[in-house]
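Hi,

Here is the structure I promised to send over.

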Amino acid sequence: MHVTVDMNLCQDHGQCAIASPAVFQMNDDGKLEYNGNPDDSLRDEVEEAADVCPVQAILVED
Amino acid sequence: MSAHVAVVGGSLAGLRAAEQLRSAGHEGPITVFSEEAHLPYNRPPLSKELLADEGEPTADDLHARVAFRRRKSTEDVDFQLGVGVEQADLAAGTLQTYDGQTHEFDGLVVATGLRPRRLRVTGPEEGRHVLRTLEDLIRLRGQVRPGQDVVVVGAGFIGCETAATLLKKGCSVTLVEPTGAPMNRVLGVELADAVQRHHEAAGMRFVIDDGVHGYGGGDAVAEVQLASGGSLTVDLVIESVGSVPNVEWLEGNTSLDLSDGVLTDNSMGVVGADRAVAVGDIARFPNPLFDDVPRRVEHWSIPTDTAKRAAQSLQAMLSGGQAPDAPFAPIPSFWSDQLDLRFQSFGSPSLADEIRIDEGNLDALTDGVLATYLRDGRLVGSVAVNLDPARQRRLRDDIAALAP
């Protein structure tokens with residue numbers, strides 16, 4: 001599974017970090033950091049993270 | 001069995017319902033009936049980025065910027081665009097669309113959402129706007145220019161966001177609100193007053209505790225006549241005075257409770273129907289996080305949350321399988337961006353009878369403020385203003401812990 005976040009869209013709402021903390025984290029500066037190649041076992045929570053992104057900046061691909 | 005599911009409503013709720021039906025194992029045909037001309041798109045940017053855009057994008061450009069991605073699992077979902085549903089007979093499993101066609105269904109998803117409430121006042125119609133759909137945005141973008149006098153009627157969250165965007169665009173903006181400081185029904189008076197002072201310092205004007213009596217002007221609105229007797233000169237008016245649930249197409253089904261949206265049980269099953277669920281802000285459901293009172297929730301997060309549970313319930317109804325029996329207790333959550341403020345809320349602040357400002361200084365909102373909302377001494381919600389996003393998880397967990 002491949003995850004891409006469009007950082008031009010991302011506004012650091014942090015909802016992805018709530019839905020899938022294993023893949024998305026907000027760092028000490030309040031900015032997003034993420035794992036672009038998470039394990040397939042995390043698919044459900046990664047798709048939920050994409051769903052709850054207010055600006056729909058997260059793309060999940062096989 | 002290959003049951004046919006009709007999803008009525010083609011916005012976020014309808015899209016998520018189709019996706020979640022596939023995730024729940026529904027393999028039969030799904031038809032989404034949508035009054036809108038466009039495939040489902042994300043509405044929050046309409047009052048912000050898309051209204052602020054200084055270029056000259058076409059309708060298709062604007063739609064492309066907010067269209068939801070289509071999941072593979074929903075590639076075979078039949079989106080009937082521009083096809084509204086006039087009426088449905090839930091017992092018979094049939095619906096009629098406005099183009100005169102009759103369609104049969106085995107299961108139904110009610111996802112028709114809300115439409116803007118309109119003021120019933122005298123005066124010209126031209127120059128009066130609402131902002132909910134892409135078409136509304138395109139009409140507004142076609143008329144709004146820097147330097148204009150704009151009145152926004154209604155200082156709720158959408159009204160304040162719209163006002164903030166137009167102020168940044170160079171308009172002169174006045175908010176007219178008949179019932180107290182902006183967003184006070186949710187934020188509470190103390191924080192709402194502070195937000196008003198903050199926005200006033202940025203140049204936004206407020207006319208509070210006064211309403212619109214009528215509009216004056218020739219072909220188009222040129223004057224807002226206030227209930228108090230005063231008046232405001234305007235080029236444009238945007239009405240942001242709440243919403244009305246789109247339930248008229250269900251009114252022939254007398255077993256349903258349509259008194260405020262569509263009454264459902266805690267699993268999103270429509271009360272008074274066998275194979276129907278409701279999704280999104282039209283659904284009035286009880287949330288055991290708070291109590292057993294069914295309520296509609298007009299937050300962006302609700303379509304996604306309710307679609308998952310509703311799809312599982314409908315799939316169980318159609319297949320005779322087991323529906324999930326754990327209580328459904330979604331955590332209400334919303335955000336709002338206004339000028340240099342970002343609000344992030346969890347829970348239901350509007351239920352509170354006591355509000356505490358736990359952190360920060362109400363005269364320095366940009367530095368961060370945390371308000372906590374309690375009912376009978378028990379936490380029901382929080383609103384963070386400009387707090388570090390890394391803290392949101394904890395604030396959300398505090399609300400999740402309310403689950404029985």
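How many salt bridges are there between chain B and chain A? The count is four. Keep in mind that this is a predicted model. Polar contacts across the interface of chain B and chain A come to 13 residue pairs, both residues being at pLDDT 80 or more.

On the chain B side, the elements that each supply at least two residues touching chain A are α1 (12–23), α8 (301–319), β22 (333–338), β23 (341–347) and α9 (392–400). By class, that side has twelve charged residues, with six polar and six nonpolar ones.

As for extent, 24 residues of chain B contact 23 residues of chain A. About 1,800 Å² is buried between the two chains, and carbon and sulfur atoms give 43% of that. R69(B), R342(B) and R393(B) supply 28% of the area that chain B buries against chain A, more than any other three residues.

Then there's the second largest pocket, with a volume of about 740 Å³. It is lined by 28 residues, and E48(A), V52(A), T304(B), D305(B) and K308(B) are the closest to its centre. Chain A's α1 (15–19) and α2 (43–52) each supply at least two lining residues, as do α1, α8, β22 and β23 of chain B. α8(B) gives the most, with six residues. The lining splits by class into eleven nonpolar, nine charged and eight polar residues.

Cheers

Notes: Residues are numbered from 1 along each chain as its sequence is written. Chains are lettered from A and ligands numbered from 1 in the order in which they are written. This is a predicted model: local features need pLDDT of at least 70, side-chain atom pairs count only at pLDDT 80 or more; totals for chains, interfaces and linings use all residues. Side-chain values use heavy atoms; hydrogens and water are left out. Contact means heavy atoms within 4.5 Å. Buried area is the accessible area (1.4 Å probe) that two parts lose on being put together, summed over both. A salt bridge is a side-chain nitrogen of Lys or Arg within 4 Å of a carboxyl oxygen of Asp or Glu. A polar contact is a pair of N or O atoms within 3.5 Å; within protein, one must be able to donate a hydrogen and the other to accept it, and residues adjacent in sequence count only if both atoms are side-chain atoms. Helices (H or I, at least four residues) and strands (E, at least two) are DSSP runs, numbered from the N terminus. Ala, Val, Leu, Ile, Met, Phe, Trp, Tyr, Cys and Pro count as nonpolar, Asp, Glu, Lys and Arg as charged, and the others, Gly among them, as polar. On a 1 Å grid over the protein atoms alone, a cavity is a set of points where a 1.4 Å probe fits but cannot get out, and a pocket is an open set with protein on both sides within 12 Å along at least five of seven lines; lining residues have an atom within 4 Å of a point. Grid points are joined across faces, edges and corners, and a volume is the space filled by probe spheres set on the points.
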